[in-house]
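Visitor: I would like to learn how to read a structure feature by feature. Where do we begin?
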Amino acid sequence: MIKLHDLYFKPFISEKEIDTAVQTMVDGIAADLGDEVPVFIGILNGSFMLVSDFVKKYPKPCEVTFIKLASYEGVKSTEDIQRLIGLTQDLTGRTVVILEDIIDSGNTLEEVHRIFKNENVKQLIIATLFYKPEAYNKDFKLHYVGMEIPNKFIVGYGLDYNGLGRDLPDVYQLKTTQHMTNIVLFGPPGAGKGTQANFLKEKYDLIHISTGDVFRFNIKNETALGMLAKSFMDKGELVPDQVTIDMLSKEVEKNAGANGFIFDGFPRTNAQAKALDELMENKDSQINAMVALEVDDEVLVERLLERGKTSGRTDDSDENIIRNRIKQYYTKTAILKDYYADQNKYFGVDGVGSIEDITVRLGTVLDKL
Ligand code: AMP
């Protein structure tokens, strides 16, 4: 992922794929033109890289020149095309091949046709590396197209976003979701995830999703989901993956414009971790870190029994159920440490101490993300 000015872009078309597309264009044009000596005309600024690579590959004698037109402002193609450098040579009777980096609306191409209307060239051939069929709204024939692409804003290989990105050898696509910070707050029941999440969500302007809280809300409101979850929760068992994953996706969707999420109590299984990765990927985002509160079992049991006196949670008041929840954590959930550690995303934090001290420890990790 790269950042240009205020926007984030993700890899889209590799240097190698571009090279293959350029070669195909060269082969097609060279075969069709035979011994004709063409004048290749690049449209500046965007086409400088294409023209350079193209003519290096062109197997026969040719001429190269440029005209300079400007159409883009920010990420939107404008109607208003400015002629910055026009034609500087007589092209009467010549075969002219326009080399464009990209054709989207076709406004620039219309201007090109206007420029050549009275030049008396033998033929005007249009060749473009990238072509966005969904955006093109003109009738001019495109003789050679390197690659058709969807209607996405792209940068790299000559194409820019407000001046930046032209130098990149690969092509990148604008991310639909901009930068998010997504954290999995991890730890056994009673580690203090809920308490800490309340501080962190304020400090970093994140949405806190606690799957346990969402289930309890549904139980309180006697929804179908609540009734289903209750039978598992009462025993300290995990609610089935698909039920939990569907519920979590809905919670994420409810907050489409969020700066990021703190996931608390999710994922608890490998299947949930994979589903979360997919969910983030669909949002053009990712999990940045798993931050784990590490606390001894006996401290946990003590804390949960204490909390049970006031929380009203049935699963907090019975020591056997508490121990089962901790056991579930170690048998089903703790393996997720490896899942995130393998991606260098695991950060363990000592969860014993005052609430303030632990918040400071977590903040130290989050500030570095
Ligand atoms: P918690 O409030 O996170 O301790 O969760 C309380 C209970 O809700 C758990 O013991 C499970 O029964 C259920 N639960 C919460 N999150 C999940 C999850 N990600 N997967 C399965 N069950 C969950």
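Guide: The model is predicted. Val22, Gln23, Met25 and Val26 in helix 1 meet Leu50, Asp53, Phe54 and Lys57 in helix 2. By class, the contact of helix 1 with helix 2 holds five nonpolar, one polar and two charged residues.

Visitor: How is the packing of two helices described?
Guide: Two numbers describe a packed pair: the angle between the axes and the distance between them. Take helix 1 (residues 15–33) and helix 2 (residues 48–57): the axes come within 9 Å and cross at roughly 55 degrees. That angle makes helix 1 oblique to helix 2.

Visitor: Is the crossing of helix 1 and helix 2 left-handed or right-handed?
Guide: The crossing of helix 1 and helix 2 is right-handed.

Visitor: At what angle do helix 9 and helix 11 pack?
Guide: Helix 9 (residues 297–311) and helix 11 (residues 319–333) pack at about 135 degrees, and their axes are 10 Å apart. Helix 9 is therefore oblique to helix 11. The crossing of helix 9 and helix 11 is right-handed.

Visitor: Which residues of helix 9 and helix 11 meet?
Guide: Helix 9 brings Asp297, Leu300, Val301, Leu304 and Leu305, and helix 11 brings Glu319, Ile322, Arg323 and Ile326. The contact of helix 9 with helix 11 has six nonpolar, no polar and three charged residues.

Visitor: How do helix 5 and helix 6 pack?
Guide: The angle between helix 5 and helix 6 is about 115 degrees, with the axes 8 Å apart. Helix 5 passes helix 6 in a left-handed crossing. Phe215, Asn218 and Ile219 of helix 5 make the contact with Leu225, Gly226, Ala229, Lys230 and Met233 of helix 6. The contact of helix 5 with helix 6 has five nonpolar, two polar and one charged residues.

Visitor: Let us turn to the ligand. How many residues surround the ligand, and which are the closest?
Guide: The ligand is surrounded by 16 residues, and the closest are Thr211, Gly212, Leu238, Val239 and Gly265. The elements that give two or more residues to this shell are helix 5 (211–220) and helix 6 (224–233).

Visitor: Which element gives the largest share of the shell around the ligand?
Guide: Helix 5 gives the largest share, three residues. Across the shell around the ligand, seven residues are nonpolar, six polar and three charged.

Visitor: Now the sheets. How do strands pair?
Guide: Strands of a sheet pair through backbone hydrogen bonds, in a parallel or an antiparallel way. In this model, five strands form an open sheet with parallel pairing, in the order 12-13-11-14-15. Strand 12 (207–210) and strand 15 (346–350) stand at the edges with a single partner strand each, so one side of each is left without a neighbour in the sheet. From one strand to the next, the twist averages 20 degrees.

Visitor: How many bridges join strand 14 to strand 15?
Guide: Strand 14 (residues 289–294) and strand 15 run parallel and are joined by five bridges. Met290 stands opposite Tyr346 in strand 15.

Visitor: Which order do the strands take in the open sheet of four strands?
Guide: The order is 1-2-10-9, and the pairing is antiparallel. Strand 1 (2–4) and strand 9 (154–155) are at the edges, each with a single partner strand, so one side of each has no neighbour in the sheet.

Visitor: Which bridges hold strand 10 in the sheet?
Guide: Strand 2 (residues 7–13) pairs with strand 10 (residues 171–174) in the antiparallel sense over four bridges. Ile13 stands opposite Val171 in strand 10. Strand 9 pairs with strand 10 in the antiparallel sense over two bridges. In that pairing, Ile154 has Gln173 of strand 10 as its bridge partner.

Visitor: What should I look for in the backbone?
Guide: Most peptide bonds are trans, and most residues other than glycine have a negative phi. Look for exceptions. The peptide bond from Leu44 to Asn45 is cis, with omega near 0 degrees. Asn45 is in the loop between strand 3 (39–44) and helix 2. A cis peptide bond also joins Phe266 and Pro267, with omega about 0 degrees. Pro267 is in the loop between strand 13 (261–264) and helix 8 (270–282).

Visitor: What is the phi of His5?
Guide: Phi of His5 is near 50 degrees, a positive value in a residue other than glycine. His5 is in the loop between strand 1 and strand 2.

Methods. Residues numbered from 1 in each chain as written. Predicted model: local features only at pLDDT ≥ 70, side-chain atom pairs only at ≥ 80, totals over all residues. Axes fitted to C-alpha atoms, helices over the stretch in contact; angles between N-to-C directions. Parallel < 35°, antiparallel > 145°, perpendicular 65-115°, else oblique. Left-handed = near helix turned anticlockwise from the far one by under 90°. Contact = placed C-beta atoms within 7 Å. Nonpolar A, V, L, I, M, F, W, Y, C, P; charged D, E, K, R; others polar. Near = placed C-beta within 6 Å. Pairing = 2+ DSSP bridges.
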